[in-house]
Amino acid sequence: MTNWTRKALLLSVSAAAVAGTLTAVGAPVAHGRPAKPAAPPLAWGPCAQIPGTPVPAGQQCATLRVPLDYRAPGGRTVEVAVTRLRTDRPEARRGTLLVLAGGPGGSGVQRLAQKGEALRAATGGAYDLVGLDPRGVGGSTRANCALPEADRHVVTLRSWPAADGSITENTERSRRTAASCARNGGPVLGSFSSRNQARDIDRLRAALGEPKLSVWGHSYGSYVAAGYAQEHPDRVDRLVLDSTGDPDPTRVGYGWMANVGPAVALRFPDFAAWAADPAREAEGLRLARHAEDVEPLFLALARELDREPRESEVPGVPLTGNRLRQALHSSLDSDAAFAPLARLIRSAQDPQGRPALPPGLAGAIPDEDASVMMAVICNDVRWPGPDSGYARRVAADRARYPLTAGLPANITPCAFWKHDEEPQPTRITDEGPSNVLMIQSLRDPATPLAGALKMRAALGERARMVTVGQGGHGMYLGNGNACGDRAVSDFLVSGKRPGRDTHCPN
């Protein structure tokens, strides 16, 4: 056990402490343009517009070719889409900052389009900013499992149990999904993994001509970033892990799902307090007079929709109890989503209403997107088999955490997944440079503090953690905490981080 684990989190430390006891890490790399590439350079050009996401002026795109199988580096290759936003202050440039999106299945190209200008301003032009679409995502080489439309809705992909808690339908769907992926996905689908993403990142670093990369990893991207830094500690300058999951190499995605029940239970009171605030009255969004009444109201409504789904504004896609539960989970990522969730609940309470479903629940997602989401978590680690007691675990989890209704413990296609070779997740350790800053919400509904603390423990003295006294998922430049944003920006620009773990109040 490292020294820091024997101390309680300093949750009472003032925001001033974040800027107070600071130590510098990471010697500056050369200013100006990168050194000569150690791999064929990228051919940068204009970016195609991303639907719904304006691409900032000056952003460039390129394609990186990487081995399909790193055991056969001279064999077949696949494409990885890359985007770049160069510094607007070349004299201040210290290197390249790679932006890794969450997921699995998140697009780094899209995330840089969304966050690039804010990130460039926050870091004072200290970096060329780069994002990539992992293999299987967006503009990169893709694969699909040839899944029927009915199996590509979020509420079926995520294995919500039936209204009575049974998992028979989940089990059969998981079995046929895994079989379809094995039959149709081929070696490309089999290559979608966190370890291959880390290998691709190092190919990108070489193609950029950078001896080191700085990295900002968000959610699942923080796990990939930590793995890359573990595999290549001498090739990482400054590393930011934002909203981090449990790195236990025996569980990985399975462990992340198991943590969702307590995470949602911890975050829900934030929504309940908001929904019971008298300020919601004028907006028509006050759900109850007292915060403690919001959860019983929500659970009763979900059970009612289990029995009698409500016709929505989308023909053929009713509002069911599980769609309502999934809307809740998605909405807990940010306080900004509370109002749309309350409107959905209000419309579901109206017998004459036709609820407007959130975009992510209004239809099936593309086959390629569904396939990569499953493939990464199933390829990364071997999950418990179908006869390992899922029904028993679902019943227990359902009783303990009614808001998530047994989802976190349920069976998935990973229970039936075919592996070409035994998965070998990277074990995160305290061996490496002390150049890691973690930032974490106290009440994260997706990657809870309990899991992030395990990453913190694994990293030991390599890391410092800044906790943020609010709920939500994705803290840096994401949930409006100026203290947390300042801590990360200062670290990226100056290399200084808190001398010890510290806390930013809400």
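Reply:

**The sheet and its surroundings**

Ten strands make up an open sheet with mixed pairing, in the order E2-E3-E4-E6-E5-E7-E8-E9-E10-E12. Strand E2 (45–46) and strand E12 (502–504) take the edges; each has a single partner strand, so one side of each is left without a neighbour in the sheet. Keep in mind that this is a predicted model.

Let's go inside the sheet. Strand E5 (residues 95–100) and strand E6 (residues 127–132) pair in the parallel sense, over five bridges.

Strand E4 (residues 77–85) holds Val78, which counts as buried because its relative accessibility is 2%. Leaving aside neighbours within four places in sequence, Val78 is in contact with Leu64, Arg65, Val66, Pro67, Leu68, Arg135 and Thr141. Val78 and Arg142 are 64 residues apart in sequence, yet 8.9 Å apart in space, C-alpha to C-alpha.

Most residues other than glycine have a negative phi, and most peptide bonds are trans. Gly103 and Pro104, however, are joined by a cis peptide bond, with omega about 0°; Pro104 lies in the loop between E5 and helix H2 (108–122). Ser243 is not a glycine, but has a positive phi of about 65°. You'll find Ser243 in the loop between E8 and helix H8 (253–258), and at 0% relative accessibility it counts as buried. Leu477 is another non-glycine with a positive phi, about 55°, and its place is the loop between E10 and H16.

An unreviewed UniProt entry annotates residues 412–504 as "domain: Peptidase S33 tripeptidyl aminopeptidase-like C-terminal". That span is 26% helix and 25% strand, and its end C-alpha atoms lie 37 Å apart.

The loop between helix H14 (390–400) and strand E9 (436–443) is where Thr426 sits, and Thr426 is buried, with a relative accessible area of 10%. The side chain of Thr426 makes a polar contact with the side chain of Glu231, at 2.9 Å. Not counting residues up to four places away in sequence, Thr426 touches Arg195, Tyr223, Gly227, Gln230, Glu231 and Pro249.

Glu231 leads us to helix H7 (residues 220–231), whose twelve residues should span 16 Å at 1.5 Å a residue; the end C-alpha atoms are 17 Å apart, which agrees. Eleven of the twelve residues of H7 are buried, so the helix is largely enclosed by the rest of the structure. Among those buried are Tyr223, Gly227 and Gln230, three residues that Thr426 touches.

One last stop is Thr171, in helix H4 (residues 168–184). Thr171 is buried, with a relative accessible area of 16%. Beyond residues up to four places away in sequence, Thr171 touches Ile411 and Phe416. Thr171 and Phe416 are 245 residues apart in sequence but 9.5 Å apart in space, C-alpha to C-alpha.

Definitions and conventions:
Residues are numbered from 1 along each chain as its sequence is written. This is a predicted model: local features need pLDDT of at least 70, side-chain atom pairs count only at pLDDT 80 or more; totals for chains, interfaces and linings use all residues. Side-chain values use heavy atoms; hydrogens and water are left out. Helices (H or I, at least four residues) and strands (E, at least two) are DSSP runs, numbered from the N terminus. Buried means under 20% relative accessible area, exposed over 50%, partly exposed in between (1.4 Å probe, protein chains only). A polar contact is a pair of N or O atoms within 3.5 Å; within protein, one must be able to donate a hydrogen and the other to accept it, and residues adjacent in sequence count only if both atoms are side-chain atoms. Contact means heavy atoms within 4.5 Å. The expected span of a helix is 1.5 Å times one less than its number of residues. UniProt positions are given in the numbering used here, feature names are shortened, and annotations may be inferred rather than shown by experiment. Two strands pair if DSSP finds at least two bridges between them.
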